[in-house]
Amino acid sequence: MPQVGAYGGGGDNVSRSEYKDKDKPTQIRYSNITAGKAVADAIRTSLGPRGMDKMIQAANGDVTITNDGATILKQMQVLHPAAKMLVELSKAQDIEAGDGTTSVVVLAGSFLDASANLLARGIHPTVISEAFQRAAVKSTEILESMVTPLDLSDRESLLKSASTSLNSKVVSQYSSILSPIAVDAVMKVIDPITAKNVDLKDIKIVKKLGGTVEDTELIEGLVFSSKTLSAGGPTKVEKAKVGLIQFCISPPKTDMDNQVIVSDYTQMDRVLREERAYILEIVKKIKKAGCNVLLIQKSILRDAVSDLALHFLAKMKILVVKDVEREDVEFVCKTLGCRPIASVDHFLPEYLGTAELVEEVQAGSGKIVKITGIANPGQTVTVLIRGSNKLVLEEADRSLHDALCVIRCLVKKRALIAGGGAPEIELSLKLMDYANTLTGIEQYCFRAFAEALEVIPFTLAENAGLNPIATVTELRTRHARGERTAGINVRKGAITNILEESVVQPILVTVSAINLAAETVRSILKIDDIVTCLNLSDLYVQDKIDKAKNEIDEGS
């Protein structure tokens, strides 16, 4: 009777430590690993402060220039199902930490490469995946022992973290302007003593073309990117009473299927008089409540406000801002302390918000409306981003979002670690030492995992134009001597104490990247077949054919 190997393989020649897979699962597994590595290699060159940018052209001709991993992968056309898993991985990192979206994919690519080598040695994929899970847990423990505790009152450390995130972006030259804005914005919407998380919906980012990124400002209040509909009315109101309405100040329309035919000019005259009286009645009720600034929600079915209504509102000295988006209503109400009014009958003074100043100001080639000095402000702020063109404006928005996410990570877990590849090398050395205490196949897997972590400093050195092998070797030597914060200084092109260069990052970013990357690689390793489903239309056609065949058979 043939001897059965440790993992279920048959045959006399199979040793207990080696696993020979069937041909098809092996091909599927290697196909998945190759697809995942291809995605990682595509964005690997954009890692770090000296990383390259990608120009992405959409189907409609829109161009995006960025080096943000999540943005690149989101817009990349990926067909292979395993490669799509790495796109989802980048999205997961973006949601969890907000930064490190390129690092997580590069790490996953390196883990896949390591697992391919282990598979080639005859180690079972389940053993590799379980060992990688334990290695990820061990990595988290080691990282926890390397942290520097942080107090949210330490503004300097928060600024360093935000600057480190921004320094790898296209708008890195403006990091000294955007970092304080990111820190101040988060600090204004939370209570630093009790906060465990930050709701970034409380920080509204408004983009306005014109000027430069240097003109970006943090506003404690509201900003509307549209100008006022003055029609001869005021463009500046002090001691404002602000009302937000969700009904239309325009004559009602008939249903889609109906029409009104007016055959006599006296009837037409009467219709116009009725419209005038109807609109005037609404405007009088608004004025009676003491409102002098009116925000009107965007309407789909008919005009939110008619020209006649604007004329009456201007006569009553009421400033009007229309087309407030439906998704902005909650933010506006929270900021002003007002309530949205769905009907003119509910337009009461207690539903209004109060502000010191509402004014229309020039911004580039257009105008914006600012509301400041709010009497009972909610914990919200607005950031007005400026940029000379659309590409810079979009990239500044993405970069600021990443910086805000970094500060949010520090609020969630108040601990910092060094950047510049220092934690990855330290982890690699510690895991290698730990692997020596293990026995059997698990030791191999832990060693492979530890070596795979070196891809981050290797890529940082490569993208900075340094010799990657010499740089990583020197870095490993420095860490072996006990210099735990030695990292790659890409500006000086040398290895220095990275904390002295103010290159720090939240521990949550690194922990999340390693755990998510290991989890994705485990999922890919456990796949041994890809099944393609039929389209519903194909199933429908097949069903019709089968029925027709049955009818023919019954007839005959």
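The accessible surface of the protein chain amounts to about 27,700 Å², and 50% of this area belongs to carbon and sulfur atoms; accessible areas come from the Shrake-Rupley method with a 1.4 Å probe, and for residues only the protein chains shown count as cover. This is a predicted model, in which local features need pLDDT of at least 70 and side-chain atom pairs count only at pLDDT 80 or more, while totals for chains, interfaces and linings use all residues. Residues are numbered from 1 along each chain as its sequence is written, and side-chain values use heavy atoms, with hydrogens and water left out.

Of the 556 residues of the protein chain, 49% are buried, where buried denotes under 20% relative accessible area, exposed over 50%, and partly exposed in between (1.4 Å probe, protein chains only). The radius of gyration of the chain is 31 Å, whereas a compact globule of 556 residues would have a value near 24 Å; the radius is taken over C-alpha atoms, and the globule rule is 2.2 Å times the number of residues to the power 0.38. Along the principal axes, the C-alpha atoms fill a box of roughly 105 × 90 × 40 Å.

The protein chain contains 17 helices and 17 strands, assigned as DSSP runs (helices H or I, at least four residues; strands E, at least two) and numbered from the N terminus. Among contacts (heavy atoms within 4.5 Å) with a separation of 6 or more, 77% join residues 24 or more positions apart.

Leaving aside neighbours within four places in sequence, Phe-132 is in contact with Phe-111, Ala-114, Ser-115, Leu-118, Cys-445, Phe-449, Ala-518 and Val-521.

Most residues other than glycine have a negative phi. Lys-317, however, has a positive phi of about 60 degrees although it is not a glycine. Lys-317 is found in the loop between helix H9 (307-315) and strand E9 (319-324), and it is exposed, with a relative accessible area of 54%. Ser-502 also has a positive phi, near 65 degrees; this residue sits in the loop between E16 and strand E17 (504-506) and is partly exposed, at 28% relative accessible area.

Thr-164 belongs to helix H6 (residues 155-166) and counts as buried because its relative accessible area is 19%. The C-alpha atoms of Thr-164 and Lys-239, 75 residues apart in sequence, are 42 Å apart in space.

Strand E16 (residues 494-497) holds Ile-495, which is buried, with a relative accessible area of 7%. Beyond neighbours within four places in sequence, Ile-495 is in contact with Thr-471, Glu-474, Leu-475, Arg-478, Ala-486 and Gly-487. The C-alpha atoms of Ile-495 and His-311, 184 residues apart along the chain, are separated by 69 Å.
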